[in-house]
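Dear colleague,

I am passing on the structure we spoke about, with the sequence alongside. Please have it open while you read the notes below.

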Amino acid sequence: MFKRILLALLLLWAIPARAADETLHFRLGEDPETLFSAKTVSLTANQVIGAYLLDRLVYFDADGHPQPWLATSWTISPDQRVLTFKLRTGVKFTDGTDFNAQAAKYNYDWILDKKNASPLLARIGSLQKVDAPDDTTLIFTFDKPFAPFFSYLASASFGINSPTAMAKYGDQYGRNPVGTGPYMLKSWVPGTEITFVRNPHYQQFRGDALNKGLPYASTVVLTVISEEAVAQAALESGELTAGSVAADALDNIVKNPALKVVINKTVTNLLFLEFNETHPPFDDERVRRAVGYALDREAVVKAAYNGYAHPMLGPLANGIPGYDAAIGEKYGTPFNPAKAKALFAEAGYKPGPDGKLAKDGKPLALSLKSYSGFETINRTLSIIQSNLADLGIDSKIETADWGSFYPSLLKPDWDMDLMRWTSSDASVLTSIARSPGHRNMTLANSKQDEILDRCQTLVDQAQRNGCVVEAQTSLLETATFAPILSDWLVTITQANVKGYHLDYFNGVIVGDIQTES
Amino acid sequence: MLGYILRRLALTVPVIIGILLVTFVIKSLIPTDAVTAMFQGQVTEQEAKVAIDAMRHQFGLDQPWYIQFGHYVTGVVQGDFGTSVRTRRPVLDEIGFRYLNTLELTFAALLVALVVGVLSGIIAAYRRDSWMDVTATTVSLFGISMPAFFFGLLVIMVFSVWLKWLPVMPRGWTALLLPAATLGLIEAAPLARVTRSAMLEILGRDYMRAARAKGVPERALLFRHALPNALLAVATIVGLQIGHLIGGAFIIEVIFGWRGVGELAVRAIEWRDFAITQGIILIGSATFVTINLVIDVLYTWIDPRIDYSAG
């Protein structure tokens with residue numbers, strides 16, 4: 001019996017011989033739960049779907065402007081409620097069916113249909129209906145203008161799946177996805193690896209792609225490696241073409257001549273400190289600002305991120321349209337313990353005989369919450385704690401895994417939390433900070449709320465960027481949260497890998513990658 | 001004997017129902033579920049409310065825990081272990097092949113542990129206080145003290161990165177070599193120590209001295225007369241170790257990327273995908289109970305003086 005099981009396993013795992021020069025091997029940190037774009041908001045799943053399977057109507061160029069991809073052009077109605085797209089002709093899904101406006105409409109209708117319970121319902125705003133009057137015209141009609149729509153359209157979530165395949169596989173479509181993308185799913189061993197083969201009819205319409213022809217590599221194998229140390233070993237042994245590793249492992253790799261490091265400093269993540277404004281001391285804007293001045297961001301970058309991050313003073317990451325470095329410089333709270341002390345004193349917190357800050361004889365003690373499982377977060381928390389201790393403030397760090405930490409913020413018994421958020425759109429500011437805040441901890445502020453709401457309705461990008469600048473300014477003026485840093489996207493590739501680059505939203509253009517023998 | 005086995009099997013049913021009940025109560029105390037875990041750090045709950053409510057309803061997560069428990073038990077009796085919220089695949093499909101993988105790894109490791117552990121225990125006892133004894137005892141001390149994850153990474157560094165004998169991500173039968181050896185060597189350590197002390201005790205008995213005086217050859221002395229008597233102690237420790245092996249397999253699987261139940265359990269807990277964790281707990285406890293039963297039955301075979309039918 002044992003032999004038979006072993007034999008069955010061997011057969012299951014037997015992998016056909018492959019031409020090494022044509023196959024790329026990448027790492028997956030975890031097995032995606034599905035490859036159906038409308039059923040997931042997971043970063044891993046979206047990376048895979050976006051890089052291999054689904055093309056989108058638009059992509060964003062290096063300057064953060066939407067450019068035509070499966071669409072050729074679009075118009076925005078004067079009231080900004082109706083968007084009309086012209087689509088390409090002659091594009092086919094990898095199951096041989098035609099890509100056209102009806103196919104695109106089918107995808108968006110599927111998301112809109114509440115009985116499908118798509119998590120993307122959260123990302124379509126007030127989209128009311130989608131029409132396809134002919135094969136090349138697609139019309140989105142909104143109840144009210146929805147500004148983030150273009151950056152969502154450019155994301156893997158809103159790529160176009162084959163309606164025929166969706167209907168054919170039903171609930172199992174997530175295991176059998178079909179798009180118009182550069183690759184097709186060949187096999188998927190759950191928890192182990194996903195193999196893609198080149199789409200032989202692929203047409204590359206992206207202006208930012210280096211390779212306008214068929215993808216260079218005929219096969220791409222994604223292997224699930226959850227352990228950082230194992231991923232590092234697989235890179236060093238040459239088994240992986242490319243992969244990401246934790247910041248503290250990079251020192252060894254930088255020294256290895258067989259590997260090279262590709263760093264992307266234009267990123268969409270932000271690490272920041274949030275305040276619970278519903279009770280003292282953080283109901284006082286001066287105290288929030290004081291903590292902002294107390295943060296030694298350079299020390300966090302160095303000690304927690306090994307230098308692979310940049311300090312942030314503004315509330316929007318530099319890879320999100322609307323980012324403006326000048327705002328952080330002007331309104332931010334750079335490390336300045338003296339200013340922090342002065343602000344605390346102004347708010348009534350003065351050092352007692354033991355050097356501890358106290359108000360009305362009561363020493364200031366703060367709780368600091370965050371999520372566990374990441375060395376970077378643990379180290380950041382320790383630095384914040386010591387920054388506060390330098391000012392005479394005791395703080396207590398509490399961490400729990402995300403599933404316990406995040407819901408626990410709804411109970412108002414905490415003071416500060418360290419949070420990291422990734423988003424490709426400035427609407428993240430509204431999601432997090434528009435009162436009452438994403439965890440019911442932000443006090444209503446009619447001026448700021450009005451700005452944050454208004455930014456969500458400006459579809460025209462120039463107008464919107466103006467509003468996003470206002471929002472960033474307001475958030476710093478009210479010290480709603482204290483930005484700390486954005487960490488860089490660091491990818492390790494074998495030294496002979498060419499064409500590995502990321503697009504504006506940090507997606508890989510896999511068709512551009514090749515290895516030199 | 002048959003009556004005893006049937007009685008023991010019948011007793012496992014309340015044990016497993018009890019375990020399930022406890023996990024359901026614990027689950028109801030945890031402030032989040034698989035649906036909210038899917039949205040973490042991506043979309044706020046307010047934004048995703050419609051989707052979250054619809055998914056909760058679809059998977060029955062909006063019902064009180066005792067109703068969910070009722071549905072679950074009814075399902076299990078009919079062979080339906082539920083559906084994973086995360087992957088939307090039946091739980092049995094998720095666990096099935098991984099369970100076989102874990103068994104394969106566990107038994108391969110047990111084989112390594114038995115061969116290495118028992119043999120070095122016998123040698124250490126027979127050549128007591130020699131260099132072989134000292135080496136075996138010292139090495140086994142390392143084995144007992146070494147955390148599995150550290151030993152696993154060390155093995156990968158040495159054999160895959162430095163010596164390049166095996167790939168970091170091997171395929172086919174070679175994939176079993178490193179994890180089974182790692183786990184087996186760690187578990188061999190306590191076996192070696194138990195075998196050594198049991199053998200020492202028996203080798204010192206009067207009948208052994210008598211046999212030696214009568215001129216019984218050393219090999220027969222060791223393997224026919226001493227070892228069978230020492231095996232009872234070894235069997236007891238093996239019974240305990242299988243549980244330990246399965247637990248150790250959880251860690252080893254994650255490190256070596258071995259697609260077993262342990263690797264899935266770690267993920268399912270992160271995902272709060274309780275349908276999967278419950279399935280694993282259920283199948284895991286059934287396995288454990290069965291193995292204990294098998295060991296108890298083996299006792300009677302190793303030592304015919306043990307008779308359960310009387311009790």
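What follows is a short account of a sheet, a helix and a helix pair.

Please keep in mind throughout that this is a predicted model.

I begin with the sheet in chain A, which is open and consists of four strands in the order β4-β5-β7-β6, with antiparallel pairing. The edges are taken by β4 (71-76) and β6 (127-134) of chain A, each of which has a single partner strand, so one side of each is left without a neighbour in the sheet. Ignoring direction, neighbouring strands of this sheet are turned against each other by 20° on average.

Within that sheet, β6(A) and β7(A) form a hairpin that has two residues between them. The two strands run antiparallel, and five bridges join β6(A) to β7 (residues 137-142) of chain A. Helix α3 (residues 101-112) of chain A lies across β5 (82-87), β6 and β7 of chain A, and its direction is at about 160° to β6(A).

The next element is helix α6 (residues 228-236) of chain A, where seven of the nine residues are buried, so the helix is largely enclosed by the rest of the structure. The buried residues are V230(A), A231(A), Q232(A), A233(A), A234(A), L235(A) and E236(A). As for what covers them, the elements from chain A include β1 (23-28), β11 (242-243), β12 (259-264) and β22 (489-494), and chain B contributes α7 (148-162) and α10 (218-256). After α6(A) comes G238(A), whose phi is positive, near 85°.

Finally, in chain B, helix α5 (residues 91-126) and helix α11 (residues 261-271) pack with their axes 8 Å apart and at an angle of about 135°. An angle over 145° would count as roughly antiparallel and one of 65 to 115° as roughly perpendicular, and α5(B) and α11(B) are therefore oblique to each other. On the side of α5(B), the contact is made by E94(B), I95(B), R98(B), Y99(B) and T102(B), and on the side of α11(B) by V261(B), G262(B) and L264(B). Sorted by class, this contact of α5(B) with α11(B) has four nonpolar, two polar and two charged residues.

With best regards

Definitions and conventions:
Residues are numbered from 1 along each chain as its sequence is written. Chains are lettered from A and ligands numbered from 1 in the order in which they are written. This is a predicted model: local features need pLDDT of at least 70, side-chain atom pairs count only at pLDDT 80 or more; totals for chains, interfaces and linings use all residues. Axes are lines fitted to C-alpha atoms, for helices over the stretch in contact, and angles run from 0 to 180 degrees between N-to-C directions. Angles under 35 degrees count as roughly parallel, over 145 as roughly antiparallel, 65 to 115 as roughly perpendicular and the rest as oblique. Two residues are in contact if their C-beta atoms, placed from the backbone, lie within 7 Å. Ala, Val, Leu, Ile, Met, Phe, Trp, Tyr, Cys and Pro count as nonpolar, Asp, Glu, Lys and Arg as charged, and the others, Gly among them, as polar. Two strands pair if DSSP finds at least two bridges between them. A residue is buried if 20 or more other C-beta atoms lie within 10 Å of its own, exposed if 12 or fewer, and partly exposed in between; C-beta atoms are placed from the backbone.
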